[in-house]
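Please open the model in your viewer and keep the selection tool at hand, as each stop of this tour begins with something to select.

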Amino acid sequence: MQNVDVAIVGGGMVGLALACGLQGSGLRVAVLEQKQPQPVASDAPPELRVSAINAASEKLLTRIGVWSDIIAQRASRYHGMEVWDKDSFGHIAFDDESMSYSHLGHIIENAVIHHALWQKAQQCSDVTLIAPAQLQQVAWGENDAFITLQSGDMLTARLVVGADGANSWLRNKADIPLTYWDYRHHALVATIRTVEPHQAVARQIFHNDGILAFLPLSDPRLCSIVWSLSPEKAQQMQEASADEFNQALCMAFDNRLGLCAVESERQVFPLTGRYARQFAAHRLALVGDAATHHSSAGRAGS
């Protein structure tokens, strides 16, 4: 039986960032993950799930020693933002120069961040990665938690961290109540090629049906879009022909970057919000989506 101080259940971006951050603290850390992440090939098309990394997140990733590895792969620095309302004169635009910044943030594929964090955790002497690993049972003792995996392996931990996502198994087993709501919108995500270059500007338009965001990728004419629509409209746009979809997208985006052409599959997921009524229990702490989860129309997920 393996004994650790902290057992992190879930080796996604949040769980791995926590593990890397605990390196050097004197704590023995284990990360339990169902599936080891795979590297993203340099010539592979962009992943649909991306995140907007702001200065605070960049600073965190730098401190744990993984930022240079991330930007050495595929990261798109953006220098400006533009937001407007389709049905009014509401409009705002700003850039990094006006605030004396070198950049406003980066758009990065989640898979790139995930794999870089996994590689970093592998190099941490205080961290043990266990994958594949799936929990079967957790018993909460006075001084330790006793974890049994489906493989039959067991370990004890002074603290268990639930980083196992929005549908957290640990949160449910600990009987922590959850507040949940449905925005009654779905997000359609895809990779789009535009005639006009995006000029490293993130753009977002508000309209009657919802919100449409164009997030600039490394290719000057490629963007990752997140389009918030009613469930019925989202399904219609997902099933539409490429020509029909491209035409509807151009109109919704006020033709801001010229003609649009979808270059990937179109995925749809519901926009919901949820949060745990408490983030900690006996020998348990919840982090990331296990603690609070808000689907966003300004990113393609995390």
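In which strand does Asp5 lie? Select Asp5 in this predicted model, and you will find it in strand β1, which covers residues 2-9. With a relative accessibility of 8%, Asp5 counts as buried, because the cut-off for that class is under 20%. Display its surroundings next: leaving aside residues up to four places away in sequence, Asp5 touches Gly26, Leu27, Arg28, Ala157, Arg158 and Leu159.

Move on to helix α1, residues 13-21, where Met13, Gly15, Leu16, Ala17, Ala19 and Cys20 are buried. Colour the elements against which these buried residues pack, namely β1, β2 (29-32), β3 (50-53), α4 (110-123) and β8 (127-130).

The next stops concern salt bridges, of which a search of the whole structure finds eight. Select Arg256 and Glu82, whose side chains meet in one of them at 2.5 Å, N to O. Arg256 sits in the loop between α7 (242-252) and β16 (260-262) while Glu82 belongs to strand β5 (residues 80-85), so the pair ties together parts that are 174 residues apart in sequence. Arg256 is partly exposed at 31% relative accessibility, whereas Glu82, at 13%, is buried.

Now select Glu263 and Arg193, which form a salt bridge with their closest N and O atoms 2.6 Å apart. This pair links the loop between β16 and β17 (267-276), which holds Glu263, to strand β12, which holds Arg193, across 70 residues. Arg193 also forms a salt bridge with Asp219, at 3.4 Å between the closest N and O atoms.

Notes:
Residues are numbered from 1 along each chain as its sequence is written. This is a predicted model: local features need pLDDT of at least 70, side-chain atom pairs count only at pLDDT 80 or more; totals for chains, interfaces and linings use all residues. Side-chain values use heavy atoms; hydrogens and water are left out. Helices (H or I, at least four residues) and strands (E, at least two) are DSSP runs, numbered from the N terminus. Buried means under 20% relative accessible area, exposed over 50%, partly exposed in between (1.4 Å probe, protein chains only). Contact means heavy atoms within 4.5 Å. A salt bridge is a side-chain nitrogen of Lys or Arg within 4 Å of a carboxyl oxygen of Asp or Glu.
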